[in-house]
Amino acid sequence: MKVITTIQELQQALAPYYAANNTIGLVPTMGYLHEGHQTLAKAAVSENDVVVMSDFVNPTQFGPNEDYEAYPRDLERDARIASDVGVDILFAPSVEEMYPHQGGITFEAGAASKILCGATRPGHFNGVLQVVTKLFQIVRPTTAYFGQKDAQQLALIEMLVRDYHMPITIRPIPIVREVDGLAKSSRNVFLSAEERKLAPNLYKTLQSLQQTITQFDHIAAKAQIEAATNGRVDYIELLSYPDLQPVKEADTQLILATALYYDNVRLIDNIIFTVGE
Ligand code: AMP
């Protein structure tokens, strides 16, 4: 596996694959890799001639009081993990490489970016769509892989590709969890021992809420999650998926999505399901 830090070198490495009309898989990540990222990469490796994983903590998707500086980083460890699952190129650019110009074109992600995580993270999804568009332009993948853990991000990227006619297939990958049900996340390292013990109750509570979905009530659901996890609920919402609209009678595909604050970390989780299944 090659570790590449510049766009020019990356495009040189990909040139033979473009020339041969090969399939190129892209797995965008912010690094500090875990089994969730590995699952995306494995799918990409099995489905493409060459796989690029990007490893870049994107500053434009972090708000001023968020954890950009503290976000865990370890490129050497990431290189081992990515290489183990057959990634061909790990693209780990600097901020200057990705953002050489100040004050250029930015993104406005629209209404679906203002709800759920977007309500407490203003501008977050504008930054996500900006960096994903750059990566799509730089790599020109056939298929790009995204986790359903970040379901709102995935829905917005599907809209981006649709609305801007990008010739890229988006492959959603189900959430990878610890054995106790906690969704794997690079940020789980920030949980205290006590929080780590209670955090799996977030998913358990979502599962039990899913069973009583016809009586879904925000206030009761919030209280139930807070009692089970000892955290503070940011939001708990039941919406249609993937369009993230209030549920109408005819909707069959729904998402129950939540975000929870602990002392030094904000966890997200969701269940995407078909009504009646
Ligand atoms: P991140 O490095 O957190 O930005 O995540 C990079 C990609 O991996 C995103 O598409 C995430 O949705 C995906 N991902 C992160 N954690 C998980 C997980 N536990 N299960 C499935 N996909 C995940």
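Modeller: Happy to! Keep in mind that this is a predicted model. Let us start with the two partners.

The protein chain is split into domain 1, residues 2-173, and domain 2, residues 186-269. Where the domains touch, domain 1 brings 22 residues into contact with 16 residues of domain 2. Together they bury an area of about 1600 Å², and carbon and sulfur atoms supply 64% of that area. On the side of domain 1, the residues that lose the most area to domain 2 are Leu 116, Cys 117 and Thr 120, which together make up 31% of what that side buries.

Leu 116 is not a glycine, yet its phi is positive, at about 45 degrees. As background, most residues other than glycine have a negative phi.

How many salt bridges does the rule find across the interface of domain 1 and domain 2? It finds one. You can look for Arg 187 and Asp 67, which form a salt bridge with their closest N and O atoms 2.8 Å apart. Across the interface of the two domains there are also six residue pairs in polar contact.

A search of the whole structure finds 12 salt bridges. In one of them, Glu 47 pairs with Arg 171, and their closest N and O atoms are 2.5 Å apart. Glu 47 is in helix H2 (residues 35-47) while Arg 171 is in strand S6 (residues 169-173), so this pair ties together parts that are 124 residues apart in sequence.

There is a ligand to visit as well. It is surrounded by 17 residues, and the closest are Met 30, His 37, Asp 150, Val 176 and Lys 184. The side chain of Asp 150 has an N or O atom 2.6 Å from an oxygen atom of the ligand. Val 176 uses its backbone instead, with an N or O atom 2.8 Å from a nitrogen atom of the ligand. For Lys 184, a polar backbone atom is 2.8 Å from a nitrogen atom of the ligand.

One last stop is a peptide bond. Tyr 241 and Pro 242 are joined by a cis peptide bond, with omega at about 10 degrees. Pro 242 is found in the loop between strand S7 (232-240) and strand S8 (253-261). For background again, most peptide bonds are trans.

Note on methods:
Residues numbered from 1 in each chain as written. Predicted model: local features only at pLDDT ≥ 70, side-chain atom pairs only at ≥ 80, totals over all residues. Heavy atoms only, no water. Domains from an automatic or database assignment. Contact = heavy atoms within 4.5 Å. Buried area = accessible area lost by both parts, 1.4 Å probe. Salt bridge = Lys/Arg side-chain N within 4 Å of Asp/Glu carboxyl O. Polar contact = N/O pair within 3.5 Å; in protein donor to acceptor, adjacent residues only side chain to side chain. Near = heavy atom within 4 Å. Helix = DSSP H or I, 4+ residues; strand = E, 2+ residues; numbered from the N terminus.
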